[in-house]
Amino acid sequence: CAILLFFIIRQIALSTSKESLDRESLLGNERAYYTQRARAPVWYKFFGDCVSIASFGILQPWIVIDRARYEFNRLIFSGFRTRFIGGVWEYAKSVCIINTILGFVTLGLWTCCGCAEERENKWIDSKAKV
């Protein structure tokens, strides 16, 4: 039920983008770019976090990939739209499992020191294409 509600809210967030006209006007313009970050709405992130907590983290890879696609689809740099090419299973193998093991072995220091977030950010950046 919570998963279905998450996807309904996701569709609402995707369909109610008020910046769609501004984003489309930048396509093809080599000198145009946004200076702010393309972030998902706060309520969208909050609900994704609630679904992740309710599933005990099992759905976390799907939520992270969905957020990355949401944000990268709204970025335009030098007239080109960015896209995210990462997959759920690749993210789970490359980031989630390794961060969980290292967090367990280091008694949580891996996560507390920011190393887990750094690993995740590097992986997401490597899967962004213009």
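**Exercise 1.** Which contact do the side chains of Asp49 and Arg67 form, and where in the chain do the two residues lie?

*Solution.* Step 1: Asp49 and Arg67 meet in a salt bridge, with 2.8 Å from N to O. A salt bridge is a side-chain nitrogen of Lys or Arg within 4 Å of a carboxyl oxygen of Asp or Glu. The model is predicted: local features need pLDDT of at least 70, side-chain atom pairs count only at pLDDT 80 or more, and totals for chains, interfaces and linings use all residues. Residues are numbered from 1 along each chain as its sequence is written, and side-chain values use heavy atoms, without hydrogens and water.

Step 2: Asp49 is in helix 3 (residues 42–54) and Arg67 in helix 4 (residues 60–72), so the pair links distant parts of the chain, 18 residues apart. Helices (H or I, at least four residues) and strands (E, at least two) are DSSP runs, numbered from the N terminus.

Step 3: Arg67 has 17% relative accessibility and counts as buried, while Asp49, at 36%, counts as partly exposed. Buried means under 20% relative accessible area, exposed over 50%, and partly exposed in between (1.4 Å probe, protein chains only).

**Exercise 2.** Where do Glu118 and Lys122 lie, and how many residues apart are they?

*Solution.* Step 1: Both residues are in helix 7, 4 residues apart, about one turn of the helix.

Step 2: Glu118 forms a salt bridge with Lys122, and their closest N and O atoms are 3.2 Å apart.

Step 3: Lys122 is exposed at 53% relative accessibility; Glu118 is partly exposed at 42%.

**Exercise 3.** How many salt bridges does the rule count?

*Solution.* The count comes to 3 salt bridges.
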